Structure formats: structure tokens, C-alpha cells
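Visitor: Could you walk me through this structure? I'm new to this, so please take it slowly.

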Amino acid sequence: MKRLMIVTALGFTTAIGAALAARTAVASDPMPMPRPAIEHVAADAAMSIETRMILVSAVDPAASRSSGYGVDDAKRITFPVYFADGRTVPGADAQKVLRAVAEEITYRGLTNIRVAPSPAIMRADYETQEAAEHRAAAVAATLMENGVPERWIAVQPGLASDV
């Protein structure tokens, strides 16, 4: 009787182990082809917001410098500015961010201000690159409206320009 219970218990635990292993194997199997379109939608959405971002970066002269060869060894402070889908001028939220960035630049004496499209723009089509250039110009203009001298700002062209 005791032997029968042990054999039954071993058989039962083996069956549970096999079921769990099968469940794990099914869960880890790759998705069958063709994959759902939702993956592409998520990738396009992420790409979209990245291409609508303009980066304002500056150097803090009071910050410590890295030990290098003196070529761009200063730490850069980066302020991302996001635009609404389809817009090339800053909306109300972007205006607030740019006002704060302008105050930070002028009060802290930040130098070497660079306005540039995000690196994701390199993977975008021509129209998106051209819109990014318009956004960068709008960001520079807004910074100037908020007190940053024009001579302090360098607008880095995107890929769509003829530069």
C-alpha cells in the first residue's frame, strides 16, 4: 500500500512537471509569422515622438571638465523640447519649457547653445526631416524672444538641408 502511494505520488509530480514544462515551452516559442501589425504601430509611434523632439544643449562654464585633449570635453546640458504631431511651431507646453530653458541659459551663463533635431530624424523621410528643421528654427526664435541673444545660438541643420 505504501509503495502504491509512492508510485502514485511520483507519477503525479512527473505529470505536473511535464505540464509545467510544456506550458513554459509554449510561452517561450516565437510568434508565428506573420507577426501582428501592433508591433509596427508601436514602433511607428515611438519613432514619431522621437522625430518630433528638438534638443537644446549648452555648456555650463562653471562645471568641471573631463580630462581629455581639450576638444569638446565640457559636459553638455540637454533640454528636450517635444512638439505635437503635425506642428512645427511650439504649443503652449513647449512655450513654457522654452521659457524655462531661456531663463536657465541666461541666469546660469550657459554657453555654446546648440539647437538640433533629435538623432532619430536620420531614419525619417524627407518631409519629416524638413519639418524638424522648421521646428529647430522655431525653437531658436522662441529662445531669442525669451532673452537669449542670437549670437549665442547655433542651429544645427537637419539632413534635409543642402549643407
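Guide: Gladly, and please keep in mind that this is a predicted model. We can begin with Asn112, which lies in strand E3.

Visitor: What is the phi of Asn112?

Guide: Asn112 has a positive phi, about 55°, although this residue is not a glycine. As background, most residues other than glycine have a negative phi.

Visitor: Is Asn112 buried, exposed or partly exposed, and why?

Guide: Asn112 counts as partly exposed, because its relative accessibility is 42%, and partly exposed covers the range between under 20% for buried and over 50% for exposed.

Visitor: OK, new topic. Which residues touch the most other members in the largest nonpolar core?

Guide: That core has 20 residues, and those touching the most other members are Val56, Val81, Ile105, Val115, Val139, Leu143 and Ile153.

Visitor: And which elements give two or more residues to it?

Guide: They are the strands E1 (53-59), E2 (76-82) and E3 (111-117), together with the helices H3 (92-108) and H4 (126-145). The largest share comes from H3, which gives five residues.

Visitor: What does Val56 touch?

Guide: If residues up to four places away in sequence are not counted, Val56 touches several residues, including Val81, Val101, Ile105, Val115, Val139 and Leu143. Phe79 and Arg114 are also among its contacts.

Visitor: Back to H3, then. How many residues does it have, and how far does it reach?

Guide: H3 has 17 residues and reaches 24 Å from its first C-alpha to its last, which is close to the 24 Å expected at 1.5 Å a residue.

Visitor: Which residues of H3 are buried?

Guide: The buried residues of H3 are Ala94, Leu98, Val101, Ala102 and Ile105. Seen down the helix axis, the buried residues of H3 fall within an arc of 100°, so they line one face of the helix. In general, an α-helix has 3.6 residues a turn, so residues three or four places apart point the same way.

Visitor: What do those buried residues pack against, and what is exposed on the other side?

Guide: The buried residues of H3 pack against E1, E2, E3 and H4, while on the other side of the helix Ala92, Asp93, Lys96 and Tyr107 are exposed.

Visitor: What follows H3?

Guide: H3 is followed by Gly109, whose phi is positive, near 70°.

Visitor: Last one: where is Ser48, and how far is it from Ala120?

Guide: Ser48 is found in helix H2, which covers residues 38-51. Ser48 and Ala120 are 72 residues apart in sequence, and in space they are 9.0 Å apart, C-alpha to C-alpha.

Terms used. Residues numbered from 1 in each chain as written. Predicted model: local features only at pLDDT ≥ 70, side-chain atom pairs only at ≥ 80, totals over all residues. Heavy atoms only, no water. Core = buried A, V, L, I, M, F, W, Y, C linked by side-chain atoms within 4.5 Å. Buried < 20%, exposed > 50% of the residue type's maximum accessible area, 1.4 Å probe, protein only. Helix = DSSP H or I, 4+ residues; strand = E, 2+ residues; numbered from the N terminus. Contact = heavy atoms within 4.5 Å. Expected span 1.5 Å × (residues − 1). Arc of directions from axis to C-beta.
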